[in-house]
Structure formats: structure tokens, C-alpha cells
Amino acid sequence: MDSITVLSGGVGGARFLQGLLHGIAHGRLPGVSPDATVTVVANTADDLWLHGLKVCPDLDTVMYTLGGGIDAERGWGRQDETWSAKDELAAYGVEPTWFGLGDRDLATHLVRTQMLDAGYPLSAVTEALCRRWQPGVRLLPMTDDRVETHIAIADVDSPSGRRVVHFQEYWVRLRAAVPADAVIVVGLETCSPAPGVLDAVTGADLVLLPPSNPVVSVGTILGVPGVRDALRATSAPVVGLSPIVGGTHVHGMAHQMLTSIGVEVSAGAVGRHYGARTSADGVLDGWLVDERDADQVAGVREAGLACAAAPLIMSDLDATAAMAAAAIGLVT
Ligand code: GDP
Ligand code: CA
């Protein structure tokens with residue numbers, strides 16, 4: 001296998017990609033050439049406009065992580081970050097004050113916004129930003145169009161009893177601590193896949209769904225018109241790894257998001273939610289669950305998927321490469 005395509009969110013996807021590249025470089029992935037190239041289709045529904053700037057959290061997390069610029073402890077944003085601009089904006093009383101806008105990170109958003117204003121599509125801007133970071137993958141936004149995830153939450157002060165907030169406000173300001181009543185992805189149905197996205201799926205030798213959030217990361221990418229059909233049509237095997245381990249997410253808020261779309265929070269249920277390509281609208285051939293969830297393997301197999309259990313905690317590069325190898329081993 002010479003070309004691998006990965007549909008990625010932010011932190012979980014980026015960590016997986018680090019391990020995948022490590023596994024490729026060290027020849028640890030069954031049937032994968034050490035020269036194999038990786039294309040990443042990244043979620044852009046977390047994007048937001050902030051103080052006049054276009055911010056793309058998942059694209060930047062992948063770019064900084066693979067390019068060596070990430071703050072490894074936080075998992076997002078730049079290492080050696082300072083926050084003067086954020087403090088100054090707050091001193092002016094300018095909202096929002098809750099978003100972590102670092103000084104170094106700000107330069108990325110300035111360059112991006114300037115290029116967008118000059119008429120370049122996000123995919124071209126991303127390519128330009130990656131010329132600096134050299135992430136070792138081809139990084140594509142899922143779409144060049146504006147798509148934004150909003151979350152409906154209960155609000156007793158509102159006549160309707162609910163309020164809709166931007167995904168980032170739900171995650172960063174509210175810390176996903178209140179139940180999400182609904183996930184509304186504005187613009188998803190009418191957006192177009194960015195150039196290269198569908199070809200990356202249909203032309204790959206292997207497609208991987210990393211342990212990214214199944215609703216607000218991979219789920220939004222699958223909702224881009226044409227992407228689900230491309231996954232169903234590709235001659236490449238499609239295999240995913242569970243972000244749910246032992247009945248809950250490892251980090252993040254997959255728990256809250258799955259509950260809001262009525263999917264049980266378990267590794268097996270997420271695999272069945274993606275579904276087998278042999279079923280009506282499924283996208284997977286294989287699904288890897290954590291060893292703690294071994295009791296769910298049989299149920300996933302009954303749904304028509306190849307399935308096995310393996311350690312799925314991305315503790316270091318070797319462990320993550322072993323996860324990738326186990327996933328690939330399921331479908332090759
Ligand atoms: P985000 O966009 O930054 O939220 O990142 P992603 O959507 O790419 O990934 C978030 C998901 O990664 C969460 O649902 C976590 O459960 C999952 N995750 C994080 N670390 C691990 C890990 O070590 N193992 C597994 N299996 N999942 C993980
Ligand atoms: Ca994200």
C-alpha cells in the first residue's frame with residue numbers, strides 16, 4: 001500500500017497520525033510501504049471567526065502536531081506560547097474572552113485571514129501554511145466552504161427553553177458540562193468537498209478513521225456531500241479505531257456528543273453507528289476496539305464488520321503505531 005487517507009479531527013486525530021507516520025517510517029504496518037504517503041482530510045466544522053480572524057482549530061492541531069510546533073501538554077496551540085494579545089483584548093472588554101488565542105498562534109490566523117481576504121480558498125491557504133510546517137502529510141480541509149457546528153443547550157431564560165451556541169463556546173467556555181440537546185452543523189448539506197478530498201478517498205489504497213470524535217469530527221466529514229458515497233465506493237479497505245474505551249471517551253467529549261445523537265456510548269455502538277459497507281449506508285470494513293471492550297467484538301462482527309480488540313491508548317509513538325498496525329491487520 002502506497003497511499004493512505006485519514007479522516008481526522010484535532011487532538012485525537014493528530015496523535016494517531018503521529019503514530020501512523022512513525023509506523024510507516026519504521027516498516028511496522030502490514031502491507032504498507034515505508035514510502036507510503038498520507039493524505040489527511042480534516043474537519044473544519046469547529047472553525048470560527050474571532051476578532052475578525054478565521055481560526056481553524058483542527059487543521060492547526062494537525063499541522064502543529066505533525067510539524068513539531070504543538071504544545072504537547074495542552075494538545076493544542078503553540079509551544080512556548082504567550083497570551084499578551086488575549087490579555088489586551090480582554091482589557092478592552094472585547095468578547096469573547098474565553099477562547100485561547102495565543103500570540104504565536106495569532107500569526108497563523110493573521111496569515112490565513114489575509115489570504116482568504118485576497119481570494120484564496122482555505123485549501124490553498126492550508127497548503128501555504130504547511131509549506132512552513134512540513135507536516136509530512138498532505139493536509140486538506142474537508143471543504144473550502146463555511147461550515148460551523150452549533151450545539152443546542154437548555155436555557156430557562158429563553159422563550160423556546162433552549163439556546164444555540166457555537167461548538168467552541170460549548171466546548172471551551174461551557175466545558176461541555178451541560179447536556180447537548182442537538183448538534184446542528186450549519187452549512188454542511190450545501191457545502192462542497194474541497195479539491196482533492198473525494199479523490200483522496202477513492203484513489204487511496206487504505207482509508208483510516210482514527211479515534212476522533214465520531215459526531216463533531218468524523219461525523220461532520222462524513223456529512224460533506226459526496227464523502228460517504230466515496231467511502232462506500234472506494235476499492236480501498238476502510239477501517240476505524242474506537243475513541244470510546246471502556247465505555248467512555250479517553251479525552252474530550254465524545255460521550256456528550258454521542259448521547260445527543262442517540263447513540264449508546266460504547267465502542268461497539270460507535271462501530272455499528274458508522275456501519276458496515278455491506279449495509280445500506282455504512283462506511284467501514286473493519287473496526288478496532290480496546291481490549292477492555294473485547295466483549296463487544298461479537299456484536300460488531302454480527303453487524304458485518306471485521307473486528308478485534310487491542311490496546312487503544314495512544315500513550316506514545318510505539319503504542320500508537322501498534323494500534324495502526326492492528327487496525328490495518330484487520331482488513332488486509
Ligand atoms: P478534537 O477535534 O481535538 O476533539 O480531537 P478528535 O476529534 O480528533 O479526537 C477526540 C477523541 O479522541 C475523543 O473522543 C477521545 O475519546 C479520543 N481519544 C483521545 N485520546 C485517545 C486515546 O489515547 N485512545 C483512544 N482510543 N481514543 C482517544
Ligand atoms: Ca475538533
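Residues are numbered from 1 along each chain as its sequence is written, and chains are lettered from A and ligands numbered from 1 in the order in which they are written. In this predicted model local features need pLDDT of at least 70 and side-chain atom pairs count only at pLDDT 80 or more, while totals for chains, interfaces and linings use all residues, and side-chain values use heavy atoms, with hydrogens and water left out.

Q: What kind of aromatic pair do Tyr64 and Trp133 form?
A: Rings of Phe, Tyr and Trp (its six-membered ring) pair if their centres lie within 6.5 Å, and planes under 30 degrees apart count as stacked, over 60 as edge-to-face and the rest as tilted. The count by this rule is 4 aromatic pairs. Because the centres of Tyr64 and Trp133 are 5.3 Å apart and their planes stand at 70°, this pair is edge-to-face.

Q: Which helices does the pair of Tyr64 and Trp133 link?
A: Helices here are DSSP runs of H or I with at least four residues, and strands are runs of E with at least two, numbered from the N terminus. Tyr64 and Trp133 are 69 residues apart, and the helices that hold them are α2 (residues 57-67) and α5 (residues 122-133).

Q: Is Trp76 buried, partly exposed or exposed?
A: Buried means under 20% relative accessible area, exposed over 50%, and partly exposed in between (1.4 Å probe, protein chains only). Trp76 has 35% relative accessibility, so Trp76 counts as partly exposed.

Q: Which residue has its charged end over the ring of Trp76?
A: A charge sits over a ring if NZ of Lys or CZ of Arg is within 6 Å of the ring centre and within 35 degrees of the ring normal. At 4.6 Å from the centre of the Trp76 ring, the charged end that meets this rule belongs to Arg74.

Q: With which residue does the side chain of Ser158 make a polar contact?
A: Ser158 lies in the loop between β6 (148-154) and β7 (162-166), and at 17% relative accessibility Ser158 is buried. At 3.0 Å, its side chain contacts the side chain of Ser160.

Q: How many residues of helix α11 are buried?
A: The buried residues of α11 include Val270 and Tyr274. Helix α11 (residues 267-274) is mostly covered, and of its 8 residues the number buried is 6.

Definitions and conventions
A polar contact is a pair of N or O atoms within 3.5 Å; within protein, one must be able to donate a hydrogen and the other to accept it, and residues adjacent in sequence count only if both atoms are side-chain atoms.
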